[in-house]
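Colleague: I am new to this structure and would be grateful for a guided introduction. Shall we begin with the terms and then look at the parts?

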Amino acid sequence: MLCGKLGKDNKDINGGKKIEGTVVLMKKNVLDTSDFYASFIDKMYEIAGRHVSLQLISAVHLDPETGRGKLGKPAYLEKWVSSATPITAGDITLKVVFDWDENIGPIGAFLIKNYHYSEFYLKTLTLEDVPEHGRIHFICNSWVYPVKRYKYDRIFFNNKTYLPHDTPEPLRKYREDELVILRGDGKGKLKEWDRVYDYAYYNDLGNPDKGPEYARPVLGGTKEFPYPRRGKTGRKPTKTDPNTESSLPLLDLNVYVPRDEKFGHLKLSDFLAYAIKSIVQVVPPEVETIAENPPNEFKTLEDVMKIYEGGIKLPKSLIKELEQVISWEFIKGLVPTDGEGLLKFPLPEVIKEEKTAWRTDQEFAREMLAGTNPLVISRLQVFPPISKLNPQEYGNQNSTITKDQVEKSMDGYTVHQAIEKHRLFILDHHDTLMPYLPTVNSTTTKTYATRTVLFLKDDGTLKPVAIELSLPHPEGKQQGAISEVYTPAETDIEGSVWQLAKAYVVVNDSGYHELISHWLHTHAVIEPFVIATNRQLSVLHPIYKLLHPHFRYTMNINAMARHILINAGGLLELTVYPQKYALELSSFIYKDWNFTEQALPADLLCRGMAVKDSKSPHGLKLLLEDYPYAVDGLEVWSAIEKWVDEYCTYYYPADELIQRDTELQSWWTELRNKGHGDLKDEPWWPDIRTRNDLIKTCTTIIWIASALHAAVNFGQYPYGGYMPNRPTISRHFMPQPGTSEYAELESDPDRVFLRTIPGQLQTLLGIAVIELLSRHSTDELYLGQRETDEWTTDKEPLAAFESFAERLIKTEDNIIERNNDKRLKNRVGPVKLPYTLLFPSTSDVSKAGGMTGRGIPNSASI
């Protein structure tokens, strides 16, 4: 017997008071299946007397010898041996009975020791009928490894919330010790059971030991290549370059992140990672030469449609190679087939209702407002557009677009009148790309730096009136740019040229979207916040509890990305135009990143898409009223801001409490000086001295991790799954008059178009990836949802969170109503694809997952 038999009033036969507890945990698993070998060994350990023990920790009584809360007597999990291990990974419930010691008093935490062979995932401990307290609930959600793996005790606190100075004295050292453990000592290679959060440069992207072509610069730590920090692994340097961290084998996905940051067993990304890593192992040798020697080309748009309607035959040799490294079921998950090697993908939404509407100028422009990258378009306030590049270094980079070229398509307006009436807009990728074009175009891609000028029509839609394609001057960058301007046309050779000009614009936009809007501005910039929060804010801290749901799985998906997606020779380099210079280009753009401008209202003001107006909803007036991303986004932003305001006001009724909060101040100092250390001296960093500072900062963090990421991620396949609509690479420059290519453009424009954008194998690989990236996992938690309703014991924050969820559900109704409003032509567009990327899905509790084109997950986890 591990505990005395209970009688009435929870007393044992000797009259001692007993406290019953219920533990919910999950045994070790492999993907979504229980690890029966580990389970069997654990039962043997139990029989041999090696149990799992728990000890209660007092929140009021100090142990004079340790200066910490008194420990109760050990109690042990019961019936481990007799508990059935489920076939599929899932929760089991076990009992534990504690001897009650009046000298312990109120319980603030518990200590757990695992004397088994293997780890388990501890979810919760619930105590019933605790004297003077009733029920006490502990939310743990942590992997507990055998005691031999730790040099410290595992402590879990109850779900109360304390500022540092309010922490009960007996719990303070436990609180402080836990943070020291999580920071680590900065030494050695980190193991899976380590719980260390630390910083490192992006020095793990290259693999120079594999060959010089796989060498990549270290990103972060220098003025030349600034970058956010990533999670440290502690792996040894490569043999070739001591500054580059060694890589794991491609089939080894055990890149270190703290175990509690890893995907849960239901996370679709587990499957995603295994599937992608296997196909990448086989495909790169073929893809690397495809631009120069393509084995298969799409000759007509009907050929492209076979991907969705009939399928494309995979070479048998490729299928056999794939089967050697991964099961056929997984192959079908990555590249859906009919079982006979026919690649067949779901029909993307952009061509589901109208097969050719994607080619219209209206849809081309609409996707700048309601597509996958609605973050770049800005209001044109000076004509012709001017460059911000240093003329001493880059020469004259100002636009060559003339008034005569644009005014013929401006419905009678002059340029001056259109600017005055806020009717001219621009999608400007010129300054972003021009400095890197000589490098990028030294690869197999042939890319322009583009400017697209657009006019706002009376019906609220935009139409492009000019596209400028620019290249560096052949005599050197100080000579400026060589530019050609194209204007709209629908027929003959001029119409074909115009379609190609739009494709070059979309190539710019697609690359910027994947590298900057998606990877850099959500995944990469948020990881330092994840690390700093875990290093400096206790789990008892209110800001930790506020932000923690928005960091779920981010470190894991980023580690996977560094291993197989953005690494040298990885999927991004194979399918997006900057190729081997992709991450180097993102470092160049990070130099201009500004945290405060990531707030949606600040971003809209910065791009000239809105002006301040106290009478308008959200304090802003949109100058382009039918801007679906901005309209829906401001509603979501305001809901987040109000929730954060109510939450922070509860815990910080006075600014003085913020200033004396040692953990909070350490968190922000470390985030600025270490996490984003390359930009630490920028003047825009806010000081967290007032509640208003804190509210703005936390709202921006939540926005980046949730809504901003959703807006740029989950539309990738609906819009980009049809590669002609969102090409990611251009393989040839614009055909020039008098050449054979120009003659072919006149006789067979679609063939030239398809030969310019990604070829067949690049297309298949690219859309296979974005199809999986566009899916929600079955364990998704959306904005306004939490894993449990008992994340805090404080009633006011719980009520505020419930109101937050209600506001988001109201936003869902408003989005549906706007999408049904025929006057709002940018909501659906010629392709008849309603804008739902900022539909919160707070009301969705189905756990169905899948590619829905809607839903704002709490975190950037895919």
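This is a predicted model: local features need pLDDT of at least 70, side-chain atom pairs count only at pLDDT 80 or more; totals for chains, interfaces and linings use all residues.

Modeller: Contact here means heavy atoms within 4.5 Å. Helices (H or I, at least four residues) and strands (E, at least two) are DSSP runs, numbered from the N terminus. Residues are numbered from 1 along each chain as its sequence is written, and side-chain values use heavy atoms, with hydrogens and water left out.

Colleague: What share of the residues in the protein chain is buried?

Modeller: The protein chain contains 28 helices and 22 strands. Buried means under 20% relative accessible area, exposed over 50%, and partly exposed in between (1.4 Å probe, protein chains only). Of the 862 residues in the protein chain, the buried share is 60%.

Colleague: Among contacts between residues at least 6 apart in sequence, what percentage joins residues at least 24 apart?

Modeller: The count concerns contacts in the protein chain, taken between residues at least 6 apart in sequence. The share that joins residues at least 24 apart is 74%.

Colleague: Which residues are in contact with L583, leaving aside its neighbours within four places in sequence?

Modeller: L583 is among the residues with the most contacts inside the largest nonpolar core. With neighbours within four places left aside, the partners of L583 are L205, L219, Y227, L515, W519, I566 and L572.

Colleague: How many residues has the second, separate core?

Modeller: This second core includes A75, L77, F98 and F138. Its number of residues is 28.

Colleague: What covers the buried residues of α22?

Modeller: The buried residues of α22 are E663, L664, Q665, W667, W668, E670, L671 and G675. The elements that cover them include α2 (169–183), β12 (199–200), α14 (492–536), α15 (542–547), α21 (655–659) and α23 (691–713).

Colleague: Against which elements do the buried residues of α26 pack?

Modeller: Helix α26 covers residues 749–756, and V752, F753, L754 and T756 are buried in it. These buried residues pack against α5 (301–309), α14 and α25 (740–747).

Colleague: Is M555 buried or exposed?

Modeller: M555 is placed in helix α16. Leaving aside neighbours within four places in sequence, its contacts include Y197, G231, V257 and I531. The C-alpha atoms of M555 and K262 are 7.6 Å apart, although 293 residues separate the two along the chain. With a relative accessible area of 3%, M555 is buried.

Colleague: What is the relative accessible area of L125?

Modeller: L125 lies in strand β9, residues 120–130. Among its contacts beyond four places in sequence are V23, L54, F110 and I136. L125 counts as buried because its relative accessible area is 0%.

Colleague: Which residues does Q55 touch, not counting residues up to four places away in sequence?

Modeller: Q55 lies in strand β4, residues 52–63. At 12% relative accessibility, Q55 counts as buried. The residues it touches are L71, G72, K73, P74, F98, A109, F110 and L111.

Colleague: How many contacts beyond four places in sequence does the model have for residues 277–293?

Modeller: The mean pLDDT of the protein chain is 91, and 90% of its residues reach 70 or more. Over residues 325–334, however, the pLDDT is below 50. Over residues 277–293 it stays under 50, and the number of contacts there beyond four places in sequence is 39.

Methods:
A nonpolar core is a set of buried Ala, Val, Leu, Ile, Met, Phe, Trp, Tyr and Cys residues joined through side-chain atoms within 4.5 Å. pLDDT is the predictor's confidence in each residue, from 0 to 100.
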